[in-house]
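Welcome! Please take a moment to look over the sequence and the 3D view before reading on.

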Amino acid sequence: MPKFAYHRDDSVSFGELRFTGPRVLDTAELARRWRAWIDLGDADPAPLRSRHAVHLARMLTGEAEEVAPNWFATVSVTSSRYQVVAQARAVEHRCERPAGLAGRLRTPRWQALVTALERWPALPPARRVVVVALLTQLGFHRHVVSLVGTLTAADDPLSQQLAYEASRAAYQLNRASPVPGRVFGWLAGNAARPALRTLAALQLVSTRSRGGGDRAEAARWLAAARRAADGLDAEPDWLAHLVTSRYHRAAALHELSGGDRDPVVEHMRLALSHDEDMARCAPDPVRAHYRAENRGLVLEAHLKLDTLTGEASAPADAVAQLRALDPVDPEPLYAVGAYLAGRDDWEGAREAFRRAAGSGTLRGAMAAAAAADCSERLGRPGDAEEDRLLCLDLDPAARLAVRPSPAGEGR
């Protein structure tokens with residue numbers, strides 16, 4: 001199985017890098033793809049996870065009915081928005097909080113977010129949940145923590161949901177802090193809604209499983225999630241299937257660390273089954289959005305599993321499904337590229353990695369470096385050189401076997 005190592009100079013933070021004129025990267029296309037993060041505008045195609053922000057912003061402008069709580073699985077890492085702004089050379093859109101964006105650059109949706117933040121003390125609970133969820137999708141985690149302040153136990157479901165969303169932001173901001181874990185633990189045992197109890201426990205399964213963490217503690221929280229999931233029949237059918245699918249995906253990740261492949265595959269099969277059951281529930285645009293996110297995450301996890309094990313447990317059309325569902329997000333595209341490379345499809349892998357690179361973020365830079373490896377294996381040194389230059393356009397701190405031009409060396 002091929003491994004695509006990525007090396008960079010970590011002594012310089014991403015925020016300190018100086019991005020010069022691009023040699024290969026189409027910065028206008030990168031900015032267009034991530035317009036949802038840059039100014040909450042529409043783009044098609046766009047990374048599925050970027051559209052979470054638009055989905056929430058439309059509630060603030062009245063374009064869509066306000067619905068809280070929201071059940072997105074993914075949130076942005078703190079630097080994601082800055083990464084795409086810097087890579088697209090759209091530095092005028094850089095800001096530490098929404099109000100920092102110049103008025104001439106604000107779309108109506110962005111202005112609606114700024115206005116809601118100005119009125120924060122008077123906002124009703126449901127709108128606070130929407131605003132915090134939106135800030136979290138955009139990566140304004142520090143602003144979330146300063147807004148919400150000290151988290152305390154609460155009886156009403158919306159206050160509990162607010163604590164959950166704020167804790168997800170706090171975890172992304174400082175993964176060493178014990179505070180988010182304590183909040184998730186309290187919610188796992190005390191939240192009014194079974195869905196929130198289950199998801200809070202799953203947050204702890206995820207955090208305790210990362211980087212060779214405490215597997216025994218992760219197992220305890222997985223058992224807590226299973227107990228909470230027993231109450232999901234009190235939730236709407238579509239939500240019960242959504243949360244149960246997420247439970248099985250998390251359980252598969254946990255079992256994978258134990259080395260026994262059979263339960264991993266069974267959990268992934270059940271994650272797909274509940275996703276399909278969710279699709280059979282009465283559709284509406286909100287549920288369709290959650291289902292698309294969930295389907296993409298399950299398929300991506302399946303491909304990663306098969307890449308790691310060299311087996312073939314994913315649906316036969318998993319690559320095609322994932323490409324159709326989320327055609328420009330660097331995360332699933334990188335998974336597709338690694339999967340194809342593991343099957344010696346170097347041409348298909350390079351195409352997937354190049355497409356991932358065109359969407360930027362640090363994962364996009366990694367994809368460009370992987371594309372260079374594929375080009376070398378295909379005997380195309382000229383393409384490999386171009387792939388490496390693309391990587392340096394995305395991450396000037398990358399350490400690659402290429403001689404950049406003087407204009408591209410600066411940091």
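This briefing covers a helix pair, a glutamate and some aromatic rings.

The model shown here is predicted. Two packed helices are described by the angle between their axes and the distance between the axes, and that is a handy place to begin.

**The helix pair α10 and α12**
- Helix α10 spans residues 194–209 and helix α12 spans residues 237–256; they pack at an angle of about 20°, with their axes 10 Å apart.
- Because angles under 35 degrees count as roughly parallel, α10 is roughly parallel to α12.
- Where α10 and α12 cross, the crossing is left-handed.
- On the α10 side you will find A195, T198, L199, L202, V205 and S209, which meet L239, V243, R246, Y247, A250 and H254 of α12.
- Sorted by class, this contact of α10 with α12 has eight nonpolar, three polar and one charged residues.

**A glutamate in α14**
- E300 sits in helix α14, which covers residues 285–309.
- With a relative accessible area of 9%, E300 is buried.
- Setting aside neighbours within four places in sequence, E300 is in contact with L322, E331, P332 and A335.

**Aromatic rings**
- The count of aromatic pairs comes to nine.
- In the pair F4 and F353, the ring centres are 5.1 Å apart and the planes are at 75°, so the pair is edge-to-face.
- F4 lies in the segment before α1 (27–33) and F353 in helix α17 (residues 346–357), so this pair links distant parts of the chain, 349 residues apart.
- F4 is buried, with a relative accessible area of 15%, and F353 is buried too, at 0%.
- Together with Y334, F4 and F353 form one aromatic cluster.

Notes:
Residues numbered from 1 in each chain as written. Predicted model: local features only at pLDDT ≥ 70, side-chain atom pairs only at ≥ 80, totals over all residues. Heavy atoms only, no water. Axes fitted to C-alpha atoms, helices over the stretch in contact; angles between N-to-C directions. Helix = DSSP H or I, 4+ residues; strand = E, 2+ residues; numbered from the N terminus. Parallel < 35°, antiparallel > 145°, perpendicular 65-115°, else oblique. Left-handed = near helix turned anticlockwise from the far one by under 90°. Contact = heavy atoms within 4.5 Å. Nonpolar A, V, L, I, M, F, W, Y, C, P; charged D, E, K, R; others polar. Buried < 20%, exposed > 50% of the residue type's maximum accessible area, 1.4 Å probe, protein only. Phe/Tyr/Trp six-rings, centres within 6.5 Å; stacked < 30°, edge-to-face > 60°.
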